[in-house]
Amino acid sequence: MNPVADILARFDRLYRERVFRAVVTGTSGELVIIQRTGQANPDPQAYPRLESYESPAENDEVIVQRVGDGYIVLGKVAR
């Protein structure tokens with residue numbers, strides 16, 4: 001295998017989608033249901049949110065970050 005391609009593939013696996021944008025499609029208790037930008041369907045699971053993002057609403061554009069083995073919704077993008 002090409003060593004450069006191997007390094008790039010490993011880098012992509014490690015750092016892909018560590019931070020991404022999404023749109024809120026709903027909530028389930030304290031969890032937020034999102035649809036990633038560019039995807040046709042919502043994610044199959046709901047994600048926790050920061051306490052400071054108090055009122056997630058449908059169609060909010062949000063930033064989501066990988067933390068450990070999961071993801072957390074950081075908050076709404078203000079435009």
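These are my notebook entries on a predicted model of a protein.

**Ground rules**

I number residues from 1 along each chain as its sequence is written.

**Entry 1: the overall layout**

I began with the elements. I found 1 helix and 5 strands. Helices here are DSSP runs of H or I with at least four residues, strands are runs of E with at least two, and both are numbered from the N terminus. From the N terminus on, the order is α-β-β-β-β-β.

Next I looked up the dimensions. The C-alpha atoms fill a box of roughly 50 × 25 × 25 Å along the principal axes. The radius of gyration is 15 Å, whereas a compact globule of 79 residues would have one near 12 Å. That radius is taken over C-alpha atoms, and the globule rule is 2.2 Å times the number of residues to the power 0.38.

I then checked the surface. The accessible surface comes to about 5,700 Å², and 51% of it belongs to carbon and sulfur atoms. Such areas come from the Shrake-Rupley method with a 1.4 Å probe; for residues, only the protein chains shown count as cover. Of the 79 residues, 25% count as buried. Buried means under 20% relative accessible area, exposed means over 50%, and partly exposed lies in between (1.4 Å probe, protein chains only).

**Entry 2: the sheet**

I traced the strands across the sheet. The sheet is open, has 5 strands in the order β3-β2-β1-β4-β5, and pairs in the antiparallel sense. β3 and β5 (70-76) stand at the edges with a single partner strand each, so one side of each has no neighbour in the sheet. Two strands pair if DSSP finds at least two bridges between them.

- β2 (residues 31-36) and β3 are joined by 2 bridges, and valine 32 stands opposite tyrosine 47 in β3.
- β1 and β2 share 6 bridges, and glycine 26 stands opposite isoleucine 33 in β2.
- β1 and β4 share 5 bridges, and valine 19 stands opposite glutamine 65 in β4.
- β4 and β5 share 6 bridges, and glutamine 65 stands opposite isoleucine 72 in β5.

I also looked at two hairpins. The hairpin of β1 and β2 has 2 residues between the strands, and glycine 29 takes a positive phi near 65° there. The hairpin of β4 and β5 also has 2 residues between its strands, and glycine 68 in the turn has a positive phi of about 65°.

**Entry 3: the core**

I listed the largest nonpolar core. It has 11 residues, among them Phe20, Val32, Tyr47, Tyr53 and Val73. Such a core is a set of buried Ala, Val, Leu, Ile, Met, Phe, Trp, Tyr and Cys residues joined through side-chain atoms within 4.5 Å. β1 (19-28), β2, β4 and β5 each give two or more residues to this core. The largest share, 3 residues, comes from β1.

Is aspartate 60 buried or exposed? I found aspartate 60 in the loop between β3 (46-47) and β4 (61-67). Aspartate 60 is buried, because its relative accessible area is 8%.

I checked its side chain for partners. A polar contact of 2.7 Å links the side chains of aspartate 60 and tyrosine 53. The side chain of aspartate 60 also reaches the backbone nitrogen of alanine 57 at 3.0 Å. A polar contact is a pair of N or O atoms within 3.5 Å; within protein, one must be able to donate a hydrogen and the other to accept it, and residues adjacent in sequence count only if both atoms are side-chain atoms.

Leaving aside neighbours within four places in sequence, aspartate 60 is in contact (heavy atoms within 4.5 Å) with Ala22, Val23, Val24, Tyr53, Ser55 and Lys76. Tyrosine 53, a member of the core, touches residues including Val24, Asp60, Val62 and Val73.

Asparagine 59 is in the loop between β3 and β4. Asparagine 59 counts as exposed, because its relative accessibility is 62%. Its phi is near 75°, a positive value in a residue other than glycine. Most residues other than glycine have a negative phi.

Aspartate 43 lies in the loop between β2 and β3. Aspartate 43 is buried at 11% relative accessible area. Beyond residues up to four places away in sequence, aspartate 43 touches Ile33, Ile34, Gln35 and Arg36.

How values were computed. Predicted model: local features only at pLDDT ≥ 70, side-chain atom pairs only at ≥ 80, totals over all residues. Heavy atoms only, no water.
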